[in-house]
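Here is a friendly briefing to read beside the structure. Please keep the 3D view open as you go through the points.

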Amino acid sequence: MTNIPANIVEYVQSMWMAEMILTYLHIDTQGKLVDWGGYPQHYGLTSLTKNQPIVEQVSFLDGFLDVTHTEVLQSLNIGGNRCINAHIVPLDDSIYVLLFDVTAEHDQQQKMQQQVNELSILTYRQSQLLQELETTRKALSEEKQQLEQSIKLKSDFIATLSHELRTPLTSIMGYTELLNNAKQADEYESNYLESVKKNANHLLSLIDNVLDQTKLEIGQIKLQLNNCSVKQLLADLKSLFLPIAQEKSLLFDIKIPDNFPAQLTIDELRFRQVLINLITNGIKYTDKGFVEVNITWENERLQFTVTDSGPGISSESQQKIFTAFHREHTANKLPGVGLGLNISFHLVELMGGQLTVESSPQFGSNFTGFISAASAQFAITDKFQTNNTNTKILLADDSLDLRSLMELYLENGGYKVITVNDGQEAVRMALQIKPDIILMDMQMPVLDGYNAVKQLRDKNFTGPIIALSGSNIEHDRNYAFKVGCNKYITKPIVPEDLLNIISQVIVQHRIKS
Ligand code: ADP
């Protein structure tokens with residue numbers, strides 16, 4: 001075996017491949033094998049013959065020997081799972097072919113390539129997923145926006161509708177009440193009027209429920225905490241519901257312990273609304289037996305249960321009973337739209353409590369709940385009781401119907417009433433006569449109620465002002481307080497409520513000043 005020429009060794013060394021299993025083939029210009037060295041058997045070249053054409057002996061070199069400069073055939077697969085690099089080096093008048101075993105390196109490279117491929121597939125997939133995620137996020141955010149938009153549209157529409165319905169309903173209800181009280185109404189007429197009143201009431205509660213449900217849905221209801229005599233509230237509810245229960249021959253009672261606190265700080269209106277919903281249901285769905293309300297107070301919690309001996313609610317239905325518009329098929333013949341319990345549930349939650357139901361068919365239902373209720377710091381004492389005859393009320397409302405109606409209510413309550421029909425007049429008159437309290441309609445021509453109140457406060461009118469409004473929208477309510485109103489009442493106005501609120505506001509004003 002001949003020695004490897006020095007320049008070839010140098011070449012090999014320059015390639016940093018000294019440790020590779022090297023084989024060289026020396027080929028003349030005719031392509032015949034002159035000589036060889038190294039480990040040809042490692043590459044399967046076991047029967048090399050000198051002076052014979054090399055391509056007949058090493059087939060993978062066929063077509064590659066006509067080179068003008070060094071060329072490297074990389075990663076040639078020569079069978080037997082072997083992979084080589086063949087360096088074809090023209091030197092003087094002959095060619096040297098150097099073979100290097102790169103099987104391990106090739107395998108490694110392939111593995112790496114595989115990993116790179118997998119990585120790039122993963123990266124591609126990841127970027128695809130990110131893209132999909134982004135598209136979904138965009139679509140969802142668009143959907144959310146559309147949904148919010150349509151909820152807002154719905155809520156605005158319902159609010160406007162409710163506002164438009166409330167004002168005429170106030171007139172219908174008020175004048176019906178007046179007509180009903182008039183001596184000349186005979187029994188038939190009284191029945192007709194009662195029916196008008198009942199239906200107007202029904203319409204009103206429907207409007208209120210739809211509006212409340214919408215507002216709860218978009219988190220627009222904010223609590224208005226005030227000091228409330230729960231005893232008084234329950235007495236009012238008892239006198240409201242007793243005749244209705246008696247009409248169905250049902251026993252009805254509201255039980256409250258003697259040592260119940262005089263005043264609790266709660267949102268009276270919302271608590272009342274919840275109890276009205278539950279008691280109405282109890283009476284509506286119970287055909288015989290009783291409806292009973294129990295109220296207790298402990299550890300700043302006002303607990304209530306409304307129990308009835310009605311048809312009960314199956315355990316399956318109890319799961320859905322608080323869902324909006326859910327009604328049992330047994331309720332189909334009775335009035336209602338399935339909003340009362342949903343609203344009550346969310347209102348109770350808003351008041352820091354919980355509403356649950358326990359029931360078994362045939363044994364009636366038991367709605368139990370609690371709300372947060374701190375004990376109020378002071379109770380209204382006799383010293384602060386109002387003397388209505390000396391109390392001057394300025395009433396500003398552009399609706400002649402409503403003005404006359406309210407004037408009647410207020411005069412029946414013993415107040416002195418002065419009326420005006422727009423905000424500008426209200427400001428002028430208030431500064432002139434200095435009323436004890438102002439009832440200000442918020443939607444009036446010339447100068448609306450909000451601006452009138454603003455002007456009065458700017459001109460140092462310090463007396464209490466009650467806003468009267470057809471709008472139940474939270475924003476309007478808050479704005480009324482912002483400009484300086486002390487109370488906000490929505491139409492229709494119930495005479496007893498109005499008189500109660502007026503005396504409450506006057507008392508609170510006296511306590512403060
Ligand atoms: P509505 O009474 O207007 O249908 P609610 O939300 O108040 O709406 O009640 C939802 C449903 O729950 C009612 O339709 C009725 O089927 C059932 N339900 C409510 N209260 C009672 C009750 N006290 N006894 C039996 N079923 C009741």
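A backbone N or O atom of valine 337 sits 3.1 Å from an oxygen atom of the ligand in this predicted model. The protein covers 96% of the 530 Å² of accessible area that the ligand has on its own; accessible areas come from the Shrake-Rupley method with a 1.4 Å probe, and for residues only the protein chains shown count as cover. Because the model is predicted, local features need pLDDT of at least 70 and side-chain atom pairs count only at pLDDT 80 or more, while totals for chains, interfaces and linings use all residues. Residues are numbered from 1 along each chain as its sequence is written, and side-chain values use heavy atoms, with hydrogens and water left out.

**Around the ligand**

- Tyrosine 285 places a polar side-chain atom 2.7 Å from an oxygen atom of the ligand.
- For lysine 284, an N or O atom of the side chain is 3.0 Å from an oxygen atom of the ligand.
- The ligand is surrounded by 18 residues, the closest being Asn281, Tyr285, Asp308, Arg327 and Leu341 (a residue is near a molecule if one of its heavy atoms lies within 4 Å of it).
- At least two residues of this shell come from each of α6 (268-285), α8 (340-350) and β12 (365-372), and α6 gives the largest share, three residues.
- Sorted by class, the shell holds eight nonpolar, six polar and four charged residues; Ala, Val, Leu, Ile, Met, Phe, Trp, Tyr, Cys and Pro count as nonpolar, Asp, Glu, Lys and Arg as charged, and the others, Gly among them, as polar.

**The chain overall**

- The chain has 13 helices and 18 strands, taken as DSSP runs numbered from the N terminus (helices H or I, at least four residues; strands E, at least two).
- Its radius of gyration is 46 Å, well over the 24 Å that the globule rule gives for 513 residues, so the chain is more spread out than a compact globule; the radius is taken over C-alpha atoms, and the rule is 2.2 Å times the number of residues to the power 0.38.
- Along the principal axes, the C-alpha atoms fill a box of roughly 140 × 65 × 45 Å.

**Two loop residues with positive phi**

- Serine 249, in the loop between α5 (230-247) and β7 (251-255), has phi near 55° and is exposed, with a relative accessible area of 63%.
- Asparagine 299, in the loop between β9 (290-298) and β10 (301-308), has phi near 45° and counts as exposed at 67% relative accessibility.

Conventions
A polar contact is a pair of N or O atoms within 3.5 Å; within protein, one must be able to donate a hydrogen and the other to accept it, and residues adjacent in sequence count only if both atoms are side-chain atoms. Buried means under 20% relative accessible area, exposed over 50%, partly exposed in between (1.4 Å probe, protein chains only).
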